[in-house]
Every structure is written in C-alpha cells, then in structure tokens.
Amino acid sequence: MTSGHQLRLYNSLGRRVEDFVPSGDVTGMYSCGPTVYVYPHLGNMRAYVFADTVRRALRWKGIPVRHIVNITDVGHAVADTDTGEDKMEVAAARERRSVLEIAEFYTRAFFEDIAALNIMPADAYPRASAYVPQMIEFAATLEARGYTYLLPSGLYFDTASFPRYGELAQLHVEGQLEAARVEHVPGRRRKTDFALWRTEEPGRRRVLRWDSPWGWGAPGWHLECSVMSIALLGPHFDIHTGGVDHRELHHVNEIAQSEAFLDDGRGWVPPWVRYWLHNEFLQLGGLKMAKSAGGAPRLADLTEAGYHPAAFRLFLLGGHYRSQLDFTTAAIDAAQATLRRLAARVQPLRPLPAIETLEAAATLQAAETPQAAETPQAAETPQAAETLQAAETLQAAAARPADDPAAARALDQIDAAIAADFNTPRLLAALQDALRDPEITPDGLRTVIAAADALLGLGLATLDPADLGLADLGRGRAPADLSAGDRHTIEQLVADRAQARQERDWARADEIRAELDALGVQLTDTPDGPVWHLR
C-alpha cells in the first residue's frame, strides 16, 4: 500500500503538531453541528468545509472514517447560557411556527448548503431531541458518582470535582472565568460550573420539556454532544472538530462530563478523544462573523449575486484552516476568477479518472500510457504551429517513457501538502504548478487534477463552465464592465500564452487560446504584442 507522507495535524489538546495514528480499523470523527433555529451564515460553513477536508484527507490516506454531525434542536439557550429561553422556542415565537416546523425548515436549509458546497454527507446526523432519555441517564450517572449538585434552576456539573477541567483551553480557572460567556445563577458555586439539566421555572411551562429525576425541563447544551458521540462512535474515538470558539468553553465542558462519565473508578481511563481540531473564524469587517452581530451573509446571498458555491469553497481553502480569514468582495471575486480559469483549463482534459486515494492515484499514474509526446517540431510560422492537429503532433514527436516523472512529482507535492496539517493553500499551489508544467503529459495531468480535487472537493470533473459565466463572460460587454477578478483572469491567460509561445510550447499556446475563446475574448497578435478585446 502507498502511504506517502505521514499525516500530521495540529492537536488543540497540547497545542502541538502530532502524527495522526488511528486507534482502530475505523476512525471515529465527530463534528459539532448546527443549532437549527435560523439560516446558517458563511462563517458557520467554514467549520463544515474544514471537517470535509479532514475526511477527504483521511480517505486519501486509505483510512476508513465514521463521521457524525449532530443537529441541535433542543437545549441551546439564548447567548449559550445555562438559564433562559431555548433558541428553538424563541425562533418559533418569532416566526409563528411550531418548534418542529422551525427545526425541519432550518435543518433542510443546512443540508441544502452543505450539498451546494460539495461536502460529503456524514454517516449520521442525530437530532438532540431523539437522545434526551439517554441524556437523563448520563446525567444521573454523573450525579451518582458525586460530580454534580442540584439547584432550583437545574442539575449542575461541579467543575471542582474534575481536576483536569480547562486543560483543552489551556487557561487557569480564573482566566476561564473571565473568558466564558456566563450569567449569574443563584447558588452556583463557580462560574465554570455548567447545567446538565435545566429545570422549568415555577409557573412557566416550556414548549420543549421532558420529565426527569430533577423535575420537568430540558437538557443543558453541552450534554448532547457527549451522549450522541458515545452512543454512535463508542466510549473513545479519534477526532473531534469544531470552531475555535468551542475550544474555550463547549469542548472543555464536553471533556469534563464525558471523562467523568467514563471513569468508573477502576483505574486509569484514556482520553475520551485523542485529537481536537479547531478552525479559526471567518471575519467580516475585521470582526468574527456571527448571527448575534446581524447582517452575516448566507451562501444563498452569494449565489443570488452570481457567485458559484464552489467559489466560496475555493476562497475558504485558499486560507489555512487555523488562520482567520477576511471575507471581502475582492476576495470572493478573486476566488470566482480562479475557479473560472480552473474550469476552462480542465474542461478539454475531461473525462478525469475516478480517484479518491493516494494509492489509486499512484497506481494509475504508474500504469498509464501517455497520449502526448515531446514538443512538436516548429512549423513554418508560430501561428501555423498553434493550429496543428493532435494527430500531426503525435506523428512529429517521440514517445515518452511509460512513467511520468512530472506527474509523480506533482502527486508527491499534493500528498505532502495535505499531510502537513491540511495545508490547502499549498495544495492549490501544487495544482497550479502542475497546470503550468510543460513536462507533464495530458494523462499525467488528468491524474494530478483528479487527485487534487479528491482533496479539494471543487467538483472539477463535472463543473459546468456555463455555471460560472464562462460562455458569455465577454459577450456584449466592454472591458471596463469586467470585475477586477475577471480582468485579472484574462490578462494572466494572455501573459501565460505569450510565455508558452516564447518557450515554443505551441500545444500549450493553443490550449490557452481556446480558454480565451471560451471566455468570449478575441486575441490578436501584433508586432507590439498580443491585444485582446471582448466579442
């Protein structure tokens, strides 16, 4: 089996890059999912694109994965507090729908967005409301073991009873007291203590309510992820993902209650989860993009403005997941322009081979017989050489050896990039380098593109150029009407063609001319250099 570069990832538990070593035949992976009370915004979607990248990287390395993403349809209080109204109930009142209708509507919206972004479906999407009986049993076990105390407002986890509390956040308890989003709760011993069960206030009946040993009420927000992950992945699993904000509070509380639950007092208990992976924020105007801030754009806003969902995915992949990323019009314009160019470059090479793993890519690359040959002999004029047919090119050329060193180098660079803590910017650069490499054969390039896209998930094998406006980009428009991204795409293609002609790579020059033609660009060669205009 081809293993390639060792997969290494940044583990938030310890703040260090580590080798990833699966604990079993199938890697368990859990991702914190949406609270389905409102449309997800673009910032929310970064976490799911990142989780998808992790899954694709594991698949690439031949590591089977079972992936769980929860749907929070109960228990999440407004402002992430331990008391107060449930977000689902607030949304139902606001929109004059039932809680069930709210949950179904916004769950469907979430699924539509992840499908549009080409995110692979998880193995299961458990609803929190379906696991409330198990949550009650879980909390009762913690109570029996002395990890809790009861207040009129509910059952609380006593963080002082868990010596490793706060280890993930790497904060002293006093520091975490200031960092946590907490409210005053009468009788609570410490601000870090959190609700396992939220009891109904006297005289107030919740819409979402269950009977429990502590009275009628609803589970605390943190409880559901522990209960559902253990139910569906087992008591210990390898990977937990989420936004970096969860690293400081939600995931800290998950660890405390889960490891307390798993510790039966009979000896050492291994960590509940071995690798914690957190993506950074998507920012808007220098601030974290958040629902509470208002005005956070949705994926639908982008598509209505003419952007392809894959352009947003490409924009996210253009930044490392552990770096904050600023969402701007210029940035999404540039991503759309890059995607247009990729689609135009890839279209003549279709169909692409079906590749998901490094082993499949390496096997295919080693076995394929190139259809291309050495650079053809120059024709009487460069212009005539640009119009040579493929058959004439083959007749005029010597055959390459069966292997393709340039493609092998590109595959190694792609593998090295994804193995280096999911370095998608580096992976994209490796793909662009391969597309410009004059030594790579067409079959080798097809393999490289398919391999890169198995990790990037841009859908290059099927992406319709018409969906990106390629067919009519220049039709009936003046150059001044083009966006900065579109103009950059055209001018870069013109420059690349000029470089190919200078290097007497006539086949590449022909390909670029065809790309420009697909963009609606008329190119004329003059003694002073190429001149372009829109048809």
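User: What share of the residues in the protein is buried?

Analyst: This is a predicted model. A residue counts as buried when its relative accessible area is under 20%. Of the 535 residues in the protein, the buried ones make up 54%.

User: How many helices and how many strands are there in the protein?

Analyst: Helices and strands are both present, and each is numbered from the N terminus. The count is 19 helices and 15 strands.

User: Among contacts between residues at least 6 apart in sequence, what percentage join residues at least 24 apart?

Analyst: A contact here means heavy atoms within 4.5 Å. Taking the contacts between residues at least 6 apart in sequence, the share that joins residues at least 24 apart is 76%.

User: Which strands stand at the edges of the open sheet of 4 strands with parallel pairing?

Analyst: The order in this sheet is S4-S3-S9-S10. A strand at the edge has a single partner strand, so one side of it is left without a neighbour in the sheet. Neighbouring strands are turned by 20° against each other on average, direction ignored. The edge strands are S4 (65–69) and S10 (273–279).

User: Which residue in S9 stands opposite Met29?

Analyst: Strand S3 covers residues 27–31 and strand S9 covers residues 237–243. S3 and S9 pair in the parallel sense over 3 bridges. Opposite Met29 stands Ile239.

User: Which strands does helix H8 touch where it packs on the sheet?

Analyst: Helix H6 (residues 223–233) lies across S3, S4 and S9, at about 155° to S3. Helix H8 (residues 250–262) packs on the sheet too, and its direction makes about 150° with that of S9. The strands touched by H8 are S9 and S10.

User: How many residues of strand S7 are buried?

Analyst: Strand S7 runs over residues 194–199 and is mostly covered. The number of buried residues is 6 of 6.

User: What is the bridge partner of Thr199 in S8?

Analyst: S7 pairs in the antiparallel sense with strand S6 (residues 154–157) over 4 bridges, where Gly154 has Arg198 in S7 as its bridge partner. S7 also pairs in the antiparallel sense with strand S8 (residues 217–219), over 3 bridges. In S8, the partner of Thr199 is Gly217.

User: In the open sheet of 3 strands, which residue in S13 is the bridge partner of Gln283?

Analyst: The order is S12-S11-S13, and the pairing is mixed. S12 (287–288) and S13 (325–326) each have a single partner strand, so both stand at the edges with one side left without a neighbour in the sheet. Strand S11 (residues 282–284) and S13 pair in the parallel sense over 2 bridges. The bridge partner of Gln283 is Asp326.

User: Are helices H12 and H15 roughly parallel or roughly antiparallel?

Analyst: H12 (residues 358–367) and H15 (residues 405–419) pack with their axes 10 Å apart, at an angle of about 175°. Angles over 145 degrees count as roughly antiparallel. That makes the relation of H12 to H15 roughly antiparallel.

User: How many nonpolar residues are in the contact of H12 with H15?

Analyst: From H12 come Leu358, Ala361 and Gln365, which meet Ala407, Ala408, Leu411 and Asp415 in H15. By class, 1 residue is polar and 1 is charged, and the number of nonpolar residues is 5.

Conventions. Residues are numbered from 1 along each chain as its sequence is written. This is a predicted model: local features need pLDDT of at least 70, side-chain atom pairs count only at pLDDT 80 or more; totals for chains, interfaces and linings use all residues. Side-chain values use heavy atoms; hydrogens and water are left out. Axes are lines fitted to C-alpha atoms, for helices over the stretch in contact, and angles run from 0 to 180 degrees between N-to-C directions. Angles under 35 degrees count as roughly parallel, over 145 as roughly antiparallel, 65 to 115 as roughly perpendicular and the rest as oblique. Ala, Val, Leu, Ile, Met, Phe, Trp, Tyr, Cys and Pro count as nonpolar, Asp, Glu, Lys and Arg as charged, and the others, Gly among them, as polar. Buried means under 20% relative accessible area, exposed over 50%, partly exposed in between (1.4 Å probe, protein chains only). Two strands pair if DSSP finds at least two bridges between them.
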